[in-house]
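Good morning, everyone. Please have the sequence and the model open on your screens. I will keep this brisk.

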Amino acid sequence: MDASADSVHDRNPARDFLTRDAELLTDSVREAGALALSLFRTELKNWTKGASSPVSEADIRVNDLLESRLRSATPDYGWLSEESVDDEARLGKPLVWIVDPIDGTRGYLAGREDWCVSVALVENGSTVLAAVFAPASDEFFFAARGQGAVRNAAPVFATSGSELDFSRVAGPKPLVERLSRQSDEIIPHPRIGSLALRLCRVAQGNLDAAFAGGQSRDWDLAAANLIVQEADGNMTALSGDTILYNRREVTHGVLVAAGRERHARIVEHFRDRPLP
């Protein structure tokens with residue numbers, strides 16, 4: 001079993017499922033990442049869904065693998081995936097898998113390495129297990145609620161302090177610029193195409209803070225949210241409100257992730273200077 005799953009030790013026998021599901025999650029996401037990597041930089045059929053969201057045959061194949069592995073092992077759990085038709089039966093399930101087979105499909109199709117497989121197990125609206133795997137850079141992030149967060153089995157921690165170094169802040173430029181009165185001087189961190197991976201960069205301390213613009217979905221966020229929280233960071237709506245998952249509406253507004261002190265400063269800043 002992967003060391004990341006080994007870190008889950010829940011002494012409450014009624015919750016032994018978390019240990020079992022941590023191993024299932026780790027193994028399934030690693031297998032899904034290997035499949036995605038095997039198809040990376042190959043000729044793939046791709047198309048656009050909705051207004052501008054790219055999807056490829058790799059997204060579908062990875063989704064099918066994850067659904068087969070996870071749902072067959074946990075038939076009583078709900079399922080919410082970017083690449084599956086939404087079944088609202090999930091709303092009545094206490095435990096739900098929330099899945100993004102390839103987060104950052106645009107970059108994946110362009111041959112960039114800033115993409116990942118992102119899967120969370122959510123219990124009553126909050127994430128309890130999370131895995132984000134970036135196969136192209138061989139980075140496996142894992143967290144279990146109350147157990148800390150790891151990258152390739154080594155603990156990770158968000159940066160401390162409240163100062164703002166804009167070269168270490170990622171997200172939509174208009175949001176980053178609103179943190180400073182000298183917005184014309186801000187050069188934000190280069191774009192990271194996968195939102196889940198962008199948030200994990202906060203958890204590992206590579207970034208001090210990251211924003212998600214409006215219109216992110218549960219599958220973009222649920223896994224990375226727990227990884228940030230378990231890395232001594234915080235991730236909330238810009239108002240400071242907790243993010244809840246597996247609701248009827250899965251779209252979220254503007255969000256921010258950072259170490260706890262810095263997160264509090266950013267939330268306070270936007271309370272004083274709300275977005276239009």
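One term before we start: a residue counts as buried when its relative accessible area is under 20%, as exposed when that area is over 50%, and as partly exposed in between. Take Glu83. Its relative accessibility is 14%, so Glu83 counts as buried. Keep that cut-off in mind. And remember that this is a predicted model.

Glu83 has a charged partner. In general, side chains of opposite charge can pair when their charged atoms come close. Here Glu83 forms a salt bridge with Lys49, and the closest N and O atoms are 3.0 Å apart. The two come from distant parts of the chain: Lys49 sits in strand S1, Glu83 in the loop between S3 and S4, and 34 residues separate them. Lys49 has a relative accessible area of 26%, so Lys49 is partly exposed. There is also a network: salt bridges link Lys49, Glu82 and Glu83.

How many salt bridges does the structure hold? The count is 16. Let me show you two others.

Find Arg41 and Glu113. They form a salt bridge, with the closest N and O atoms 3.8 Å apart. Arg41 lies in the loop between H2 and S1, and Glu113 in the loop between H4 and S5, so this pair ties together parts that are 72 residues apart in sequence. Arg41 is at 55% relative accessibility, so Arg41 counts as exposed. Glu113 is at 39%, and counts as partly exposed.

Now Glu123 and Arg145. They form a salt bridge too, and here the closest N and O atoms are 3.5 Å apart. Glu123 is in strand S5, Arg145 in the loop between S7 and S8; the two are 22 residues apart, and the pair links distant parts of the chain. Glu123 is buried, at 15%. Arg145 is partly exposed, at 42%.

Next, the sheet. In general, strands of a sheet pair through backbone hydrogen bonds, either parallel or antiparallel. Our sheet is open, with seven strands and mixed pairing. The order is S3-S4-S5-S6-S7-S8-S9. Which strands stand at the edges? They are S3, residues 78-81, and S9, residues 154-155. Each has a single partner strand, so one side of each is left without a neighbour in the sheet.

Look at S5 and S6. Strand S5 covers residues 116-123 and strand S6 covers residues 126-134. They run antiparallel, joined by seven bridges. Ala120 stands opposite Ala130 in S6.

Two helices pack on this sheet. Helix H2, residues 17-39, touches S4, S5, S6 and S7, and its direction makes about 30° with that of S6. Helix H6, residues 195-203, touches S4, S5, S6 and S7 as well, but its direction makes about 75° with that of S7.

On to the rings. There are six aromatic pairs. Start with Phe40 and Tyr108. Their ring centres are 5.3 Å apart and their planes are at 35°, so the pair is tilted. Phe40 lies in the loop between H2 and S1, and Tyr108 in helix H4, so the pair ties together parts that are 68 residues apart in sequence. Is Tyr108 buried or exposed? At 2% relative accessibility, Tyr108 counts as buried. Phe40 is buried as well, at 9%.

Phe40 also pairs with Trp115. These centres are 5.2 Å apart and the planes are at 55°, so this pair is tilted. Trp115 lies in the loop between H4 and S5, so the pair with Phe40 ties together parts that are 75 residues apart in sequence.

Arg30 lies over the face of Phe140, at 4.3 Å from the ring centre. Arg30 also lies over the face of Phe133, at 5.4 Å.

Last, two backbone details. Ala153 has a phi near 75°, a positive value in a residue other than glycine. Ala153 is in the loop between S8 and S9, and at 40% relative accessibility Ala153 counts as partly exposed. Asn246 is not a glycine, and its phi is also positive, about 60°. Asn246 sits in the loop between S13 and S14. At 8%, Asn246 counts as buried.

That is my tour. Thank you.

Note on methods:
Residues numbered from 1 in each chain as written. Predicted model: local features only at pLDDT ≥ 70, side-chain atom pairs only at ≥ 80, totals over all residues. Heavy atoms only, no water. Pairing = 2+ DSSP bridges. Helix = DSSP H or I, 4+ residues; strand = E, 2+ residues; numbered from the N terminus. Contact = heavy atoms within 4.5 Å. Axes fitted to C-alpha atoms, helices over the stretch in contact; angles between N-to-C directions. Phe/Tyr/Trp six-rings, centres within 6.5 Å; stacked < 30°, edge-to-face > 60°. Buried < 20%, exposed > 50% of the residue type's maximum accessible area, 1.4 Å probe, protein only. Lys NZ or Arg CZ within 6 Å of the ring centre and 35° of its normal. Salt bridge = Lys/Arg side-chain N within 4 Å of Asp/Glu carboxyl O.
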